[in-house]
Structures are given as structure tokens and as C-alpha cells.
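Please consult the sequence and the structure before reading each solution.

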Amino acid sequence: MLAFLAAPNFVDSLLLKFFSEQTVNYVIWPFIQVGAVVTITAGWVAYATYLERKISAFIQARLGPMRVGPWGLLQPIADGLKLLVKEDFIPENADRWVFFVAPYIAVVAAFVVMAVVPFGPDWAVITDVNIGVLFVLAVSSVGVLALILAGWSSNSKYALLGALRSSAQMVSYEVSMGLAIIGALMFARTLSLSGIVNAQGSDSIWFLLYQPVGFVIFLISGIAENNRAPFDLPEAESELVAGFHTEYSGFRWSLFFMAEYTAMVVVTAVATTLYLGGWYFPFVYRLTEARGYHHAYVVISLIVFLAKAGLLLYLYFWLRWTLPRFRYDQLMDLGWKWMLPAALVNIVVSALGVGTLQGLDGWNGIDTIRSVTSGLGLTPTGKAIAIGFGVGNLFLTAAILSLINWRSRDFNLKKQRSKIRLVDLPKGKPAVAPIVNADV
């Protein structure tokens, strides 16, 4: 274990014998980090299918994959080999180049975002961009283009309908997702993802307590953004065969699912960073870094981050095998009538909360803000006030959404069913007179 923790120093000293310090820091180490992240993420994508099938089997009292390897652990490898040897079919009238490139755009857009995700401190993050949040939102939205290109280039009506539904869904929920994070940014006072984690660490509190509404909106919008159940309308097999990838087969078909599972990792990683403190966990710094165990601090922080993201990924699987698929009108109503107003209310309440904290600081001896060097550093009194605004925002948002949608019956299926009446339609004369057999 000690040799593993000392590995970064050993590799660094070995590389410095052959390359300059700048080359090692800005060229070789980034390549090593990128290779590690891509390899680990690709392995996760492969075994996420195994985990999902096992979790769904547990929920439904089944066994799941059991035949390939012990406990079915080699099933993802068998699935990968099967997809590699399957026929790569391209429709005759398809736009071949666009049809060929579309799945790769989806995968690249999902993997590029991982470059700015802070999995841990120091060497556990590839690069710290001062506009990391904007980078994530901008690059992840490119995946929408891949789905549209795949549906359009297939020269298939089913694939085109699936692509159009997907673009409308993803654009709708991107708005709510972008607005949901503004409240957390008000407390972090930075767009850097690593800076947001440091702000929560210096404050010794997760932004989830300040922004419970923002967290819920971001998580729901992220699930819809990934086209996961119960929002898997672009791939609704009962309506659109298989959606935008109807005409794809073999390995290129699997690339879309690789992009989907990678996007799930991105959403859970960003949610963990913004609301669950990222790699920060109480007492980890005191027990490791403060005592001189730097690499132990990085490794334990990395494990903490993966554990938090893993819980959110389990939520993805749980929801898929628990909730039924929404109708498309319900999907749009949820995005525009519920998520968007809730995100706007959250921004207003968060701004009022921050303004109140700044106004109360120093008034009648009240101390609410400790410092603003790393986020909005709050005193215990300030934290209590911020948490109070967060909890109160839950009830205020619920009241406003009820007021906005009090006449909406889209989600009241019981009431809709009670008003269904069968009508006896008048029957006209048949177009062809029946043949009467005289011999009968």
C-alpha cells in the first residue's frame, strides 16, 4: 500500500531523468491522467451494464447474468466481443459519412467533459479550468447534435422522429439544468469545479444543505438529459422501434450506449461536485494531509468521490426499474411547467439568502460571513441562516408550483380515467354489400 501511495513520486522522478520539468508537468502527466480516466471510464461503461442487470434482477427477484464467468462477471466482455463481430449494416440511401461519424461525436463529447471533473485534489484532476461549469454545459450539449445527425442520416422516419423527440427533450431540460446550478455558484463565488469543492471544504458543509431544491432539479434534469427511464422517450421501443439508433448495428450501435453511460458518470460527478462536496469528507484532511500523508489524502479523497457518485448512479438504476415511462406531453410539462419555474424560484430565493447574509453581517453584533477568499465562508450563524433559507425554499417552491399547476390534470391519471366515457358511434351502411348465398 505504501509503495502504491509513493508511485506518483517515483514516476515523476523517473520522467525528470529524460524530460524537462515543463514537459513532464504539461505534456506527459496530462497524457497519463487522460489515459487513466478514459480506461477507467470505459471499464465502468462495460460493467455498468452488468451492474444494472444485476440490480434489476435483485429488484425483480431474479438472478441476472450468471453463466459467463463466476457470477456472470465476464458477461460484459462477451457482449463486447459479440458486438465487434456483428455485421455493420448501413442503409442503402443513408448519408454514409454522417451516419458513420454520429456515434463517435456522442462518445467524444461525453469523454471530453471528464477532463475538467475534479475526482480528487492534486494529481486526481486532469485540469482545473476557471470556467469549468460553463465548459461542462457547453461540451455536453454537443451530444444532442450526434443524436440528431444519427436520426437524419439514417433516412428512416422512425429514426428521424426519435432524433427530433430527443433534441426537444434535451434542449428543454438543459435550460432547467443550467439554471439549477446558479444557486450553488452564488455560494461558491467561482465557476471552477475544483474551486467549488474547496469552497465547501473551507466551509465544512455541503451545498446540498443550502440548495436542496437546486440539487433535486439538477438531478431530475440530468436523468432526462441522459434519456434514461422514466424519461427514455427518444428510445421508446413501443412507439419508435428503437428511436434515433434504429438503423445502427454492431459496434457503432454500442457507441451510443457507451456515450449514454459516460454521460451518466458526468452528471453524477458534476452533481457530487456541486452539491455533495466532491472529494471533501470531514476529518480526512486532518488524518492524512495534516500529518504529512499527501498521497494517502489524494487516494482517500478519490475513494470518497467515487462512493458519492456511485450512490447517485445506483439511483439511476433504481429509478429505471421502479417508475413507468412518462407520456411525451407529461415529459414536456414536467420540464417547462415544473422544473423551469422551480429553478427560477430557487435563483430568487438564493439571491435573497445571500443578500440577507451580507446585510446582517456586522449588524447589531451579528457575524454571518467569515471570509470571501474561498467561496462565501460563513460563520455558524450564517450557516444556520443559509440552511433555513434552503429548507424554506422547499416549501415556497412547492407552494408556487401548486399555484401554477393547480388546474393541470396531466399527472392526475386517476381523475382522467374516471372521466372516460365510451360513446356509441353511429354505424353507416357498409361500402360493399354482403353476399347472400341462396343455397344456405
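**Exercise 1.** Determine whether E52 is buried or exposed, and identify the residue with which E52 forms a salt bridge.

*Solution.* E52 is buried, with a relative accessible area of 2%; buried means under 20%, exposed over 50%, and partly exposed in between (1.4 Å probe, protein chains only). The partner of E52 in a salt bridge is R320, with the closest N and O atoms 2.9 Å apart. A salt bridge is a side-chain nitrogen of Lys or Arg within 4 Å of a carboxyl oxygen of Asp or Glu. Because E52 lies in helix 3 (residues 21–59) and R320 in helix 15 (residues 294–320), the pair ties together parts that are 268 residues apart in sequence. R320 counts as partly exposed, at 34% relative accessibility. Helices are DSSP runs (H or I, at least four residues), numbered from the N terminus.

The model is predicted: local features need pLDDT of at least 70, side-chain atom pairs count only at pLDDT 80 or more, and totals for chains, interfaces and linings use all residues. Residues are numbered from 1 along each chain as its sequence is written, and side-chain values use heavy atoms, leaving out hydrogens and water.

**Exercise 2.** State which residue meets R252 in a salt bridge, and where the two partners lie.

*Solution.* The side chain of R252 meets that of D88, at 2.4 Å from N to O. R252 belongs to helix 13 (residues 250–275), whereas D88 lies in the loop between helix 4 and helix 5 (96–112), 164 residues apart. R252 is buried at 5% relative accessible area, while D88 is partly exposed at 40%.

Key
Helix = DSSP H or I, 4+ residues; strand = E, 2+ residues; numbered from the N terminus.
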